[in-house]
Amino acid sequence: MAPVEGAKSASARDKELRAYTASEAVAALGIDTARAPQILWRVIQQAFRYRWRFALAMGACLGGTLANLMLPRLLGHAVDQAVAVTQHRHEPWTVALTPVAWTALLLVGASVLRGLFQMTAGYNAEHVGQSVGRDLRLTFFEKLQRLDFGFHDRIHSGDLITRGMLDLEGVRGFLEVGLQRIVQLVLLAGVGGWLLFTRDPLLASVTLLFLPVVGMLAGRMGIRLRLAWTRLQERMAVLTRVMEENLQGARVVRAFPARAHQMDAFDQAGNAALHHANQRIRIRARSMAQINGTYYAAMLVVLWLGSYRIAAGAITIGQLAEFLAFMTILQMPVRQISMVMNAGARAVSSGSRLFEILDRPADIVDAPGARPLALRAGTLRFENVAFRHDPDAPWAVRDVSFAVERGRTLGIVGPAGSGKSTLAHLAARFYDPQQGRILIDGQDIRTTTLHSLRTAVSLVAQDIFLFDDSVERNIAYAEPTTRRSTVQQASVTAQLHDHVAGLPRGYQTAIGERGSRLSGGQRQRAAIARSLLPDSAVLIFDDATSAVDAATEHRLRHALRAATADKATIIISHRLSSLMHADEIIVLDAGRIIERGSHAALVAADGYYALLYALQTTSAGPEADQHHEEVA
């Protein structure tokens, strides 16, 4: 098995981890220093949708900070009062204690007030964060519904799941915790610093001197943490992809002795994620030690200088206690700088990945002034259509022209990769052609609304997908309010009703993930039944009966003739017995039409179709003769 993407050799991975210096992190990420604040500002703007709760959270944070700043001054005042008591022992104790008692009560009141404000701020900040998380989740999911097939062809679903879950949590977490702590720290440093300067400018300068050092350390840590988070998110996307593919391909894994290979792939992806997770922890722990060391060193300097200022009579013992108490209050926010930078770094990396999807324009959208499709005759027409997936890729289809009228059937056949499914996807406008145009009743489908087009064109793709729900809900997916009798009639037409009637709960039976409790042919018939419920003008069956046995297909074909009598029908198939009854058959090769005509005319032409028919009738024997007689 090839190495899992994202899993590197130990030496290469260690070299990458050692490169987590700030300058190398900037180079590795290609960080635009102007872009990080823009991303953070955009994250913060998400909270403005809930402006009253957000304002209440920030206001409560301000109130809690101001109440917090009352504590050092009250404590310093209490110390001076206690010193005065010791200097006047002749006064009655109860009388001397009264000022200290009042100050103690004020301290308790300020502490209670601080707690109430912090509780209010925390509750409302989390409420805003959770609400923004819900909004972003819905917006992200809605965006995925509008992005075109070309986008989904290029990006793995595991990466999208990681962005819609882990990255979204990174954005939400910053609004809940990081932003509140930033506001608290700025207010403590700003207002508290001003109060200290009114006491003693020299001692205040020394007290606040450690903050720029801590800020520099935290800034460097933030850049390194952003790289660590980005690398970790990339590895988690790989890990999610490995697990998702293993779960979706569980039957293939069990069918082959591939358990060891799968475990090795998952182990490689898990180890790659673990290395970056551990590196993130080491960055944070090392920076935390530096920040705490700076803090305690500053406290020692303040204590040493303060003792000299007391001896000089510049300040009192209580005022020195006020400075030390202020530093103690700053200790927790300072220690949390690493957490704030961690949250900010994660918000930047997660936000950039999330907004990359949210800002991505969809290629297939309603054109300006698009109108609903006006159905009249129900004729689908391709005019000189050409399409390729990438500018450098070969043409998937080239110069294709045909028309299918209401009540008529077009068959499309050709070797694998000849462009058959591409035509089906173009008709439903999953992609837009680079040349030519596709019309329904003379209206270019690029000028009509997507909703009206997808209602008018019903496609049964060769890759059948059923939801983990009941049989009834799967068949009625396009028309959820359809009556049960109508669902059953569609099931009868698709030759599925007899099987469903024998299930334990009938049409209410859950069919498992991707319809795992149904056979391949039953899943195809369920998809055919689902396509019959919308009143579509055009029906396209893309190899829709490849897993259906010949006898069932024979009955299904007869039932569909009546159901599609007033529709333009396209049948794409490798099996000629599925489309020999078509009014016209086109043969594709390398994206071009090389033959066209009825079944009898194509057999008589003795070309590719006749060769394919001869091969299939030789291998099918009497069964093919029966189909041939039926067409004749």
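1. The side chains of E584 and R596 are joined by a salt bridge, with N and O 3.1 Å apart. This pair connects distant parts of the chain, since E584 belongs to strand β9 and R596 to strand β10 (residues 592-597), 12 residues apart. E584 is partly exposed, at a relative accessible area of 22%; R596 is likewise partly exposed, at 39%. As with every point in this note, these values come from a predicted model.

2. The mean pLDDT of the protein is 81, and 88% of its residues reach 70 or more. Two stretches call for caution. Over residues 1-19 the pLDDT stays under 50, and the model has 33 contacts beyond four places in sequence for this stretch. Over residues 621-632 the pLDDT also stays under 50, here with 17 contacts beyond four places in sequence. Where pLDDT is low, predicted coordinates should not be read in detail.

3. Salt bridges number 21 in the model by the rule applied. One of them pairs R42 with D359, whose closest N and O atoms are 2.6 Å apart. The two residues are 317 residues apart and lie in distant parts of the chain: R42 is in helix α3 (residues 35-45), and D359 is in the loop between α13 (337-358) and β1. R42 is partly exposed, with a relative accessible area of 28%, and D359 is partly exposed, with a value of 45%.

4. A further salt bridge connects the side chains of D432 and R429, at 2.8 Å from N to O. In general, side chains of opposite charge can pair when their charged atoms come close.

5. The model contains an open sheet of four strands, in the order β2-β1-β4-β5, with antiparallel pairing. Its edge strands are β2 (397-404) and β5 (443-444), each of which pairs on one side only. Helix α14 (residues 420-427) packs on this sheet and touches β1 (380-387), β2 and β4; the direction of α14 makes about 120° with that of β1.

6. Which residue of β5 is the bridge partner of I440? The partner of I440 is Q443.

7. S573 counts as buried because its relative accessible area is 3%, which is under the 20% cut-off. A polar atom of the S573 side chain lies 2.9 Å from the backbone nitrogen of R575. Leaving aside neighbours within four places in sequence, S573 is in contact with I412, V413, D543, S578 and L579.

8. The last point concerns helix α8 (residues 201-208), in which L203, A204, V206, T207 and L208 are buried. At the start of α8, a side-chain oxygen of D200 comes to within 3.1 Å of the backbone nitrogen of L202.

Note on methods: Residues numbered from 1 in each chain as written. Predicted model: local features only at pLDDT ≥ 70, side-chain atom pairs only at ≥ 80, totals over all residues. Heavy atoms only, no water. Pairing = 2+ DSSP bridges. Contact = heavy atoms within 4.5 Å. Axes fitted to C-alpha atoms, helices over the stretch in contact; angles between N-to-C directions. Buried < 20%, exposed > 50% of the residue type's maximum accessible area, 1.4 Å probe, protein only. Polar contact = N/O pair within 3.5 Å; in protein donor to acceptor, adjacent residues only side chain to side chain. Salt bridge = Lys/Arg side-chain N within 4 Å of Asp/Glu carboxyl O. pLDDT = per-residue confidence, 0-100.
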